[in-house]
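Student: I'm new to this one and would like a close look at a single part of it. Could you take me through it slowly?

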Amino acid sequence: MSVFASLAICKVAKDAAGVAGNIFAFGLFVSPIPTFRRIIRNGSTEMFSGLPYIYSLMNCLICMWYGTPLISHDNILVTTVNSIGAVFQFVYIILFMMSAEKEKKVKMLAWLMGVLGIFAIILIGSLQIDDIVMRRLFVGILSCASLISMFASPLFIIKLVIQTKSVEFMPFYLSLSTFLMSTSFLVYGLLSDDIFIYVPNEIGTILGMTQLILYFYYESKSRRMDAEDPLIVSYA
């Protein structure tokens, strides 16, 4: 096989992994919809926190900027997935603020302005770096750190599942989407030889796999316990 044929196959495989990552990420982006149906129906944010959507927006904006040609080469699929993610998170934040109490609404607005301000500083600051290699390094480190912190957030849920021995607070499809998306972009990053993509997604793949293993373990254990419970027979 010629070198050109190998490169062509690698390019197709990389694009396929990126497209798959975009599709699986969509599952993550739509996962809060049931929560917002409840918020809109009740007209209250209740005990829900809006900070996860703030963090996700920050992550999507930084990673979207990293994927643009001004920062890195041939990473348009990174830009597309994070652009879509940023729109979803922004809509969720607006919906949350519409139903929140005044104090919570003010805090969310302050957080939103802070995120947009920080992103503007990162965007303008990175463009001041003339050396494209240093510019990519600067934004790449930020995007890598942002992704790792986002993937690390389920550690609390994993701890909760182990403590309660219940998967009630760890939705299966959310864990599956996380695993599939991370695996797809891990392959994408390896084929691109981009350390800022494959390192955080390797961590995401491991954490996603851990969640799935815990889910199947405790779910099967719960079913066995239910099956072993003696039937209550009434002779009344």
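Going by its relative accessibility, what does D74 count as?

Tutor: D74 counts as partly exposed, at 32% relative accessibility; the cut-offs are under 20% relative accessible area for buried, over 50% for exposed and in between for partly exposed, with a 1.4 Å probe and protein chains only. Bear in mind that you're looking at a predicted model, where local features need pLDDT of at least 70 and side-chain atom pairs count only at pLDDT 80 or more, while totals for chains, interfaces and linings use all residues. Residues are numbered from 1 along each chain as its sequence is written, and side-chain values use heavy atoms, leaving out hydrogens and water.

Now, what is around D74? It pairs up with K14 in a salt bridge (a side-chain nitrogen of Lys or Arg within 4 Å of a carboxyl oxygen of Asp or Glu), and here the closest N and O atoms are 2.9 Å apart. This pair ties together distant parts of the chain: D74 sits in the loop between α3 (51-67) and α4, while K14 belongs to helix α1, 60 residues away. Helices here are DSSP runs of H or I with at least four residues, strands are runs of E with at least two, and both are numbered from the N terminus.

Back at D74, salt bridges that share partners join it with K11, K14 and D15 into one network.

And the wider setting? The structure holds 6 salt bridges. The protein has 9 helices and 0 strands, and its C-alpha trace spans about 85 × 60 × 25 Å along the principal axes. Of its 236 residues, 38% count as buried.
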